[in-house]
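Student: I want to check the labels on a structure against their cut-offs. Can we go through them one at a time?

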Amino acid sequence: MNCHDFEKLALALARNSLLDATERDQGLIHTEVCNRCAARLAQERALLARLRAVAVEMAGEEPPARVDALLLAAFRAQTAATASSVVITAQGRAGRWSSWKFAAVAAGILILISAIAIIWKSTGSRMPQREERAVAPTPVNTPGPQAEPPVGRDQVVDERQKNLPKRILRHASVKSQDEAEVVTQFFPLREGEDLTTLDSLQVVRVELPGSALGEVGLPFDPETAPESVKADVVLGQDGLARAIRFVR
Amino acid sequence: MTKPMVPSDAELLRSMLAGDERAFTSLYGRYKGLVYRFALLMSGQGSIAEEVTQEVFLALLRNGRRYDPGRASLKAYLCGAARNQVLLLMKKERPYVQLVEESDEGREAPVAQLISGDDPLGDCARNEANRLVRQAVLALPARYREVIVLCDFQELSYAEAALALDCPVGTVNSRLHRGHALLSKKLRAAGLDSAPDAQVMRCFA
């Protein structure tokens, strides 16, 4: 072993951390014949002894009690927060479910009210026609001599039905096949509005008074008018009713 | 009589993260001194050491799940975290570093330091020597100081120090060599090291 090789081992020898016994022995033998390397090893050992003396002196130095207390408080707070977040998550799921149901019911009620309001709003302007149709009821798609408005409306309805998004029509037809329901065409509730321009539409099943049939030009029996009829209402993204069809 | 089983660091950490306060206090008690002393030796300031200790353990509480026992010992992991915190804080504090070397007079002395042995003069000399050593360590560039603190004061292996410093083992070795050489020079300048200067001696081996 020469001095260059010894220098690579000097620290490990001084620390007694050299695992290879052969290397250690060679290094120690080298120090017996080389004063410089012996001094080098002694210097390293002296330095380590000084550093370890400082380490021993510092062994008792620890963070003050306030740091201990602060960290313990942080641990407790975190544990409590984690526990409460678990509870909140569990409650949140239940809460979300109940609020979802609540929202659905509330939306249904709002839609019903909206549809009724729209229908009642248009009642005043169309009252004479309704009276005529009530006297001489005209079947759907079977315009009679007194039923010019319904014919025109049917044409509008046909056009609007063409314009309805396919998603709604497919949904309606599947539903009608599945449940063997008889459905009318969709009647627009807002004049001059192109439904295809709307981003998203929803169909909602509601129950309306029988008189609502007359509002769109369909025949109805005034005696059974208070009875409710099923209807599918098309809602825009803003929640307003855009079209309606009746279901039997 | 069988010794009671001492839980491993990984077990304590798992329990701590599951909310076991006893595991937290055990783990904290095991390593708070290591982290605090590392920060103290690196910065020379008790306030920074306190803050580092606080931040390191708060980070362990928050991100303890990120620790991979297969990659490094918890000791090395905490030392690495402490090192990052120290460097960060010292960078922040740099504009306010005192021009005069910090005196220990203003600090509260630990009880152990107040108790004198049979040789008061010797105790005084040792304390002074230790103070000079600490000052010399503090005067080293950070890259040498950190390897000396980790390997010589905290007695981490080169491999553990390499993990804590996120560098190869060879780098730790070479920095330690260089750091020792610089430290020896400073101590000699302070009149502390009585070992002969190896540079002036000739080797014919």
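What follows is a set of questions on the terms and the values behind them.

Tutor: Ground rules first. This is a predicted model, where local features need pLDDT of at least 70 and side-chain atom pairs count only at pLDDT 80 or more, while totals for chains, interfaces and linings use all residues. Residues are numbered from 1 along each chain as its sequence is written, chains are lettered from A and ligands numbered from 1 in the order written, and side-chain values use heavy atoms, without hydrogens and water.

Student: How do you know that chain A is in contact with chain B?

Tutor: Contact means heavy atoms within 4.5 Å. By that test, 41 residues of chain A are in contact with 52 residues of chain B.

Student: What is the area buried between chain A and chain B, and what share do carbon and sulfur atoms give?

Tutor: About 4200 Å², with 62% from carbon and sulfur atoms. Buried area is the accessible area (1.4 Å probe) that two parts lose on being put together, summed over both.

Student: Why is the pair Glu57(A) and Arg134(B) called a salt bridge?

Tutor: The term needs a side-chain nitrogen of Lys or Arg within 4 Å of a carboxyl oxygen of Asp or Glu. Here the N to O distance is 4.0 Å, so the pair Glu57(A) and Arg134(B) is a salt bridge. The count between chain A and chain B is eight salt bridges. A search over all chains finds 16.

Student: Which helices of chain A each supply at least two residues of the side that touches chain B?

Tutor: Helix 1 (3-15), helix 3 (35-58) and helix 4 (65-121) of chain A. Helices here are DSSP runs (H or I, at least four residues), numbered from the N terminus. Helix 3 of chain A gives the largest share, 18 residues. By class, this side of chain A has 22 nonpolar, five polar and 14 charged residues. Nonpolar means Ala, Val, Leu, Ile, Met, Phe, Trp, Tyr, Cys and Pro; charged means Asp, Glu, Lys and Arg; the others, Gly among them, are polar.

Student: What makes Arg40(A) and Glu7(A) a salt bridge?

Tutor: Their side chains meet at 2.8 Å, N to O. That value passes the salt-bridge test, so the label holds. The pair links distant parts of the chain: Arg40(A) is in helix 3 of chain A and Glu7(A) in helix 1 of chain A, 33 residues apart.

Student: Why is helix 1 of chain A called roughly perpendicular to helix 9 of chain B?

Tutor: The axes of helix 1 of chain A and helix 9 (residues 169-189) of chain B cross at roughly 80° and come within 11 Å. Axes are lines fitted to C-alpha atoms over the stretch in contact, and angles run from 0 to 180 degrees between N-to-C directions. Angles of 65 to 115 degrees count as roughly perpendicular. Therefore helix 1 of chain A is roughly perpendicular to helix 9 of chain B. Glu7(A), Lys8(A), Leu11(A) and Arg15(A) meet Leu176(B), His177(B) and His180(B) there.

Student: What makes helix 8 of chain B roughly perpendicular to helix 9 of chain B?

Tutor: Helix 8 (residues 158-165) of chain B packs on helix 9 of chain B at about 105°, with the axes 8 Å apart. That angle is why helix 8 of chain B counts as roughly perpendicular to helix 9 of chain B. Their contact has seven nonpolar, one polar and no charged residues. Among them are Tyr158(B) in helix 8 and Val169(B) in helix 9 of chain B.

Methods
Angles under 35 degrees count as roughly parallel, over 145 as roughly antiparallel, 65 to 115 as roughly perpendicular and the rest as oblique.
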